[in-house]
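Work through the following exercises with the sequence and the model side by side. Try each task before you read its solution.

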Amino acid sequence: MTPHSTDERPRPHTGTGIPAQRRSRLAGGMQTHLGGLPRTFWILFGGQLVNRIGGMVAAFLVLYLGAQGLSAGQIGAVLAARGVGSLVSQPLGGLLADRVGRRFTLLTGLVATSGALVLLGAVHPLPAMIAAAALLGAVSELYRPASSALVADVVPPAARAKAYGLLFWAVNLGFAVASLLAGFLAEHGYWLLFTVDAGSGLAFAVIIAVGIPRGTAGRPQPATGGDRAGYRTALRDPLLVALVLLTLAYATLYNQAQVAIPLAIRDHGLPATVYGTAAAVNGIVIVVLQPVLTTWLARFDRMKVLAASWALVGGGMALTGLAHTAWQYCLVVVVWTVGEVGTAGFTAALVADLAPAQARGRYQAMFGWGWSAASLTGPTAGTFVYGTLGPAATWLGCLAIGVLCGAGALLLARRVAHRRAVALGLAAG
């Protein structure tokens with residue numbers, strides 16, 4: 001009698017007990033989400049992950065300053081000083097990345113940031129805090145344009161959205177871990193947060209120094225026209241300028257996650273661990289959803305995805321006004337985090353596609369400047385509106401900004417798609 005093959009023959013298994021067919025599907029999924037990226041990218045990925053696991057100060061800075069006895073206005077002054085300093089950080093970082101080299105700029109920025117963190121945690125008079133915060137802002141973003149430009153150097157255009165999305169994923173995986181740890185460490189002294197944060201920056205610098213040999217991540221060779229395609233070219237690019245302005249508005253909105261939300265949690269009499277848990281939920285949702293959701297969203301028009309995502313973040317942030325308990329804050333975070341996931345990797349990849357090869361650092365710096373400027377506008381606007389007009393005005397303002405950003409992205413969608421198609425066509429040619 002011939003045996004029923006499907007019933008009696010054993011299925012091939014791997015040594016781990018996973019059926020071969022399932023293993024094949026798993027391998028295919030891993031290839032889709034993680035494959036095709038060079039070693040240099042994974043070095044950046046690992047360093048970024050380590051850095052973000054230790055990145056504890058930024059999320060808890062408002063609570064730390066409050067614990068030092070500063071009023072809401074004084075907290076706003078310190079945060080504004082950091083924002084003013086950050087206005088020069090990314091432009092300087094982009095210039096150094098293009099003219100001196102990616103590796104040098106990464107190492108300089110990371111080491112300087114660790115030193116500035118130690119200084120901010122060591123000083124206590126308000127003027128000294130303001131000066132230290134300004135210094136921190138001026139050096140903390142130096143490495144970002146170099147990192148983004150290096151990704152564009154080594155990753156082909158078709159894989160850039162995936163690459164930038166994975167860096168975003170690493171940042172948020174580290175952020176989730178850091179938030180959980182920081183909430184408990186803060187109960188034993190905020191000095192622990194500054195120590196761990198500074199140490200993680202130095203660890204990232206060591207990873208870069210060891211993993212990327214000197215000369216393998218330097219300034220790319222100038223294209224035709226030399227090195228003149230820099231900030232002047234970027235400032236004359238209307239689509240880039242529009243994207244920067246939209247990014248500034250969105251980042252101002254998003255900054256309320258570190259400004260208005262912790263103030264609201266404090267005003268409801270909840271401990272710092274609640275904010276740490278809510279921040280960790282943000283990171284966990286991104287870690288779970290981002291790899292799959294970004295791959296799925298990549299099939300749609302990028303600006304339309306950004307429009308929906310920005311509007312969802314604004315609406316979700318506005319729901320904070322309805323939260324009063326720990327679980328309600330966490331639930332609200334889940335809502336606007338879904339919108340945040342929709343932005344992952346797309347804007348940085350778009351800027352990389354549009355930038356001249358010899359000015360990638362400066363184009364990425366212009367894009368990043370929107371986030372740096374929001375370090376000034378976000379805390380300033382957030383603390384002012386929250387303190388003078390009240391929480392309700394803050395949350396309604398978040399909704400309005402999100403909707404306006406979404407509308408602006410829709411207005412630019414057709415022009416951006418055409419420009420990107422032309423840029424990629426020229427690159428392929």
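**Exercise 1.** In which helix does Val335 lie? Find its place, then decide how far it is covered and what surface feature it belongs to.

Solution. Val335 lies in helix H16, where helices are DSSP runs of H or I with at least four residues, numbered from the N terminus. This is a predicted model, in which local features need a pLDDT of at least 70 and side-chain atom pairs count only at pLDDT 80 or more, while totals for chains, interfaces and linings use all residues. Residues are numbered from 1 along each chain as its sequence is written, and side-chain values use heavy atoms, with hydrogens and water left out.

The next step is accessibility: buried means under 20% relative accessible area, exposed over 50%, and partly exposed in between, with a 1.4 Å probe and protein chains only. Val335 has a relative accessible area of 31%, and is therefore partly exposed. Together with residues including Leu180, Ile284 and Leu312, Val335 makes a nonpolar surface patch of about 750 Å². Such a patch joins nonpolar side chains (Val, Leu, Ile, Met, Phe, Trp, Tyr) within 5 Å, taken from residues with over 30% relative accessible area and no salt bridge. Helix H14 (272–297) and helix H16 (326–341) each supply at least two residues of the patch.

**Exercise 2.** Describe the span of helix H3 and the surroundings of its buried residues.

Solution. Helix H3 covers residues 39–53, which is 15 residues, and reaches 21 Å from its first C-alpha to its last. This is close to the 21 Å expected at 1.5 Å a residue, the expected span being 1.5 Å times one less than the number of residues. Among the buried residues of H3 are Phe41, Leu44, Phe45 and Asn51. The buried residues of H3 pack against helices H6 (102–122), H8 (143–154), H9 (160–185) and H10 (191–211).

**Exercise 3.** Which residue forms a salt bridge with Asp153, and which helices hold the two partners?

Solution. A salt bridge is a side-chain nitrogen of Lys or Arg within 4 Å of a carboxyl oxygen of Asp or Glu, and by this rule the count comes to six. The partner of Asp153 is Arg360, with the closest N and O atoms 3.1 Å apart. Arg360 lies in helix H18 (residues 360–389) and Asp153 in helix H8, so the pair ties together parts that are 207 residues apart in sequence. Arg360 counts as buried because its relative accessibility is 15%, whereas Asp153, at 28%, is partly exposed.

For another pair, take Asp267 and Arg266, whose closest N and O atoms are 3.3 Å apart. Salt bridges that share partners also join Asp98, Arg102, Asp153, Arg360 and Arg362 into one network.

**Exercise 4.** What is Leu376 in contact with, once its neighbours within four places in sequence are left aside?

Solution. Leu376 is found in helix H18, and with a relative accessible area of 22% it is partly exposed. Contact means heavy atoms within 4.5 Å, and by this test Leu376 touches Ala80, Gly83, Val84 and Leu87. Leu376 and Ala77 are 299 residues apart in sequence, yet their C-alpha atoms are 9.6 Å apart in space.

**Exercise 5.** Where does pLDDT stay under 50?

Solution. The pLDDT is the predictor's confidence in each residue, from 0 to 100, and the protein averages 82, with 86% of the residues scoring at least 70. It stays under 50 over residues 1–11, for which the model has two contacts beyond four places in sequence. Over residues 25–31 the pLDDT is also below 50, and this stretch has three contacts beyond near neighbours in sequence.

Key
Patch = residues over 30% accessible without salt bridge, like charges linked within 9 Å, V, L, I, M, F, W, Y side chains within 5 Å. Areas by Shrake-Rupley, 256 points an atom, 1.4 Å probe, with all protein chains shown as cover.
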